[in-house]
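Please keep the sequence and the model in view while reading.

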Amino acid sequence: MRLRSLASALLLSSILFCGVSVSLAEHPTPSPEFISQIETTFNDSRFDSAFWGVKIKSLETGEVWYERNANKLFMPASNQKIPTTATALEVLGPDYKFTTTYTLAGVREGSVWKGDLVAWSNGDPTLYTRLMSSPTELFEKVAATLKEQGITVITGSVVGDDSAFSDQRLGYGWTLGGLDTWYSAEFGPLQLNENYVDLQIIPPAKEGEELLITPNIKSKYFQLRNNIKVVKEGETRVSVTREYGSTEIVLSGTAVIGSPAFERSPSVPNPTLWYATVLQETLEASGISVEGEPLDITDATPDWLQNWESAEREVILEHKSAPLSEVLAVLMKRSQNLYAETMPLVVGYEKTGKGEFSAGEKYVEETLQKFGIQPSEFVYSDASGLSRYNYISPNHLILILEGMLKSPNAEVWKNTFPIAGVDGTLRSRMKGTPAEGNARAKTGTIANTRGLSGYVTTKDGEQLVFSFLVNG
């Protein structure tokens, strides 16, 4: 049994317990048989090298049903998103919306804008198909607005202004291996398609036909090198790699003739330049000529910056994202690392004017202190859990999970969690069990680390809160 399945099985044990126990109390209490069953599972020889931390507690009576190393510190993997999401929700509120502006800087002469188009945002991560109709929906609105105003030529550049956040684009402690994958995409204030590209790979239907690779965003920003071998039989196994800092995406492996289409999603470097490039390409595709090259404002010359400061400006479009309640549901259910890493940065930006991890981290510490957790008791190295420098205990997670149920945002909070057998990272787990449609829990997975923490209701209607963490 895989580790994550074991966590699910233990959860199921706690659900079933109430259906078979007998107690004179209003709420049943764990029987010795229940405790023995859990202990037997944890003591299985397959887990001789594993270090478990567990806490199961009744939300109604406050009774601890079971605990094991509950105060020890563990790498939480994506259970790190629990303090991140709690902080964003408590500090910014469920109705908060990210802001993006598109500004013309320069002067107009007829249909020609003599100057630049500058895009600025404070981290809107939603330019994708989860919360918008297409990744470039907003860019198409910019093009339509320019055409409505009669502008057909921009003599300068499309510039990505990423000044809202610091230049940190990776979480502290992220490993070099894996940075070419979607879940390790660089983050920043300007974010498009979650800073990766979706490649649909269609093996040939019959011999003599070509294998097709179709990106969901066609752009000159990246280059595809196809090293996939088409074979008559065997196994379709394709890897996608990209050297750090490079825009060349290499596809390797084998694809079997007649096998189903599949998808790979490699990350792209420098989100700001990626954003500016595709914005410019969208304008050009709509018939608006841009004479300059796309520009990351970080690479702008002193002269350009001086001209930008003194130039006449006209905001042609301001966009507000979907509310934070919807953004956080994507963050938790999809376990989207980029969304998570955006949160301390936007919290820092909104509260202190500094879009820096350290600024947001202080609000994480303040939020957790409200739940009785002191800053010296945990390590918050990144916001998503991809770093192996994070440390937190099951008891800390229980305190957060309990504390958020007393918040005015409690209902929004619970709705962000994946539901067993229904959606998110739990959509295919615990199906056909009493947990299906019942348990709401955040998963966590990095190498040799698993986590599962959340809420469940027993057969007798008692609400439980639980946290399973295992390292090794």
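Gly-372, which lies just after helix H9, takes a positive phi of about 90 degrees in this predicted model. The buried residues of H9 are Phe-357, Ala-359, Gly-360, Tyr-363, Val-364, Thr-367 and Leu-368. An α-helix has 3.6 residues a turn, so residues three or four places apart point the same way. As for what the buried residues of H9 pack against, the partners are helix H3 (81-92), helix H8 (337-352) and helix H10.

The loop between helix H9 (357-370) and helix H10 (394-404) holds Val-379. Is Val-379 buried, partly exposed or exposed? Val-379 counts as partly exposed because its relative accessibility is 35%, a value that falls between the limits of 20% for buried and 50% for exposed. When residues up to four places away in sequence are not counted, Val-379 touches Gln-80, Tyr-389, Asn-390 and Tyr-391. Between Val-379 and Ala-329 there are 50 residues in sequence and 24 Å in space, taken from C-alpha to C-alpha.

The largest pocket has a volume of about 580 Å³, and 23 residues line it, with Trp-182, Arg-334, Ser-335, Thr-425 and Thr-445 lying nearest its centre. By residue class, the lining of the largest pocket divides into four nonpolar, ten polar and nine charged residues. Helix H7 (324-334) and strand S16 (440-446) each supply at least two residues of this lining, and S16, with five residues, gives the most.

Turning to the strands, S1 (residues 51-58) has seven of its eight residues buried, and it is therefore largely enclosed by the rest of the structure. S1 pairs with strand S18 (residues 463-471) and also with strand S2 (residues 64-68). Within the pairing to S18, Phe-466 is the bridge partner of Ile-56, while on the S2 side Glu-67 is the residue that Lys-55 stands opposite. S1 and S2 form a hairpin with five residues between the strands, and in this hairpin Gly-62 takes a positive phi near 80 degrees.

S7 pairs with strand S8 (residues 212-215) and with strand S12 (residues 262-264).

| Strands | Sense | Bridges |
|---|---|---|
| S1 and S18 | antiparallel | eight bridges |
| S1 and S2 | antiparallel | four bridges |
| S7 and S8 | antiparallel | four bridges |
| S7 and S12 | antiparallel | three bridges |

Conventions: Residues numbered from 1 in each chain as written. Predicted model: local features only at pLDDT ≥ 70, side-chain atom pairs only at ≥ 80, totals over all residues. Heavy atoms only, no water. Buried < 20%, exposed > 50% of the residue type's maximum accessible area, 1.4 Å probe, protein only. Contact = heavy atoms within 4.5 Å. 1 Å grid on protein atoms, 1.4 Å probe; cavity = no way out; pocket = protein on both sides within 12 Å on 5 of 7 lines; lining within 4 Å. Points joined across faces, edges and corners; volume = space filled by probe spheres on them. Nonpolar A, V, L, I, M, F, W, Y, C, P; charged D, E, K, R; others polar. Pairing = 2+ DSSP bridges.
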